[in-house]
Amino acid sequence: MNQTKVELIIASSIDGRIAFPDGDATNFGSYEDKKILNECLSNLDATIFGSGTLKAHQSTFLVKENNYISTKQPVSIVAGNINNFSKEWLYFKQPIKRWLINSNNSNKNKNHYFFEKEFSFLGNWEKTLKLIKKEGISNIGLLGGTKLINAFIQENLIDEIKITIVPKIIGGKFSWIPPLSKQNNYGRSQNWIIKSVKELNTNEIFIHYTRR
């Protein structure tokens, strides 16, 4: 495989929302969903999420082993603009390797927000993933937010979808992909097949899709 494998890992309400209408940071999934998330992340080289997601949560999920924080964590990659980051956020104190994919090449990481490596976005994610592949990242978990998920879908780069459906109806505008516009074309040829379905004790359903 010439390209890093991408797994989209999200929790969504029944109506496809990943945040409440006020836009505050949301953790929909129950402890059962967190167990699945832990298992998913423990098999990855890295995770990636947008800078807006980091600003909302100010931390990332840590893989645990036997109820203790594992010494082996996937590399945490933030994609976007580093404006208004704070070194006081928990994220910058967590025991992880932090990389940055800077979408604003004119604004390099002058404030040294404790990212071990910084890369420039190469105009599209196909090229950028090849750059990450050279750094030893063969499989990566895409955790959000909506703009980043949409960008990967637009380029047809998602290989697997692991989604937990949470028994809530939320409403509002925060779907896990943005509303359709003239620029959105997800391709009529995209077909997904179910690899597994698991009903959780918390009335949640975990579905694992792979590309046909």
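Trainee: How many bridges pair S6 with S7, and do the strands run parallel or antiparallel?

Mentor: Two strands pair if DSSP finds at least two bridges between them. Strands themselves are DSSP runs of E with at least two residues, helices are runs of H or I with at least four, and both are numbered from the N terminus. Here S6 and S7 are joined by four bridges in the parallel sense. For a specific pair, look at Trp99, whose bridge partner in S7 is Lys117. Before we go on, please remember that this is a predicted model, where local features need pLDDT of at least 70, side-chain atom pairs count only at pLDDT 80 or more, and totals for chains, interfaces and linings use all residues. Residues are numbered from 1 along each chain as its sequence is written, while side-chain values use heavy atoms, with hydrogens and water left out.

Trainee: Which residue of S6 is the bridge partner of Ser76?

Mentor: That is Arg98. The pairing of S5 and S6 is also parallel, over five bridges.

Trainee: Which residues of S6 point one way, and which the other?

Mentor: In a regular strand, side chains alternate between the two faces of the sheet. In S6 (residues 98-102), Arg98, Leu100 and Asn102 point one way, with Trp99 and Ile101 pointing the other way. Five of the five residues of S6 are buried, where buried means under 20% relative accessible area, exposed over 50% and partly exposed in between (1.4 Å probe, protein chains only). Over the chain's 212 residues, 45% count as buried.

Trainee: In what order do the strands of the sheet stand?

Mentor: The chain has four helices and eleven strands. Nine strands make an open sheet with mixed pairing, in the order S7-S6-S5-S2-S8-S1-S9-S11-S10. S7 (117-120) and S10 are the edge strands; each has a single partner strand, so one side of each lacks a neighbour in the sheet. From one strand to the next, the twist averages 20 degrees. Helix H4 (residues 146-154) packs on this sheet and touches S1 (5-13), S2 (46-50), S5 (75-80) and S8 (139-144), its direction making about 130 degrees with that of S8. Such angles run from 0 to 180 degrees between N-to-C directions, with axes fitted to C-alpha atoms, for helices over the stretch in contact.

Trainee: Which strands pair with S11?

Mentor: S9 (residues 160-166) pairs antiparallel with S11 (residues 205-211) over six bridges, and Glu160 has Thr210 as its bridge partner there. S10 (residues 192-199) also runs antiparallel to S11, with seven bridges, among them the one between Val197 and Ile207. Five residues lie between the strands of the S10 and S11 hairpin, where Asn203 takes a positive phi near 65 degrees.

Trainee: Which residues is Gly16 in contact with, beyond its neighbours within four places in sequence?

Mentor: Contact means heavy atoms within 4.5 Å. Gly16, in the loop between S1 and H1, is in contact with Phe174, Ser175 and Trp176. The C-alpha atoms of Gly16 and Trp176 are separated by 6.5 Å, although these residues are 160 apart along the chain. Gly16 counts as buried because its relative accessibility is 16%. For the chain, among contacts between residues at least 6 apart in sequence, 67% join residues at least 24 apart.
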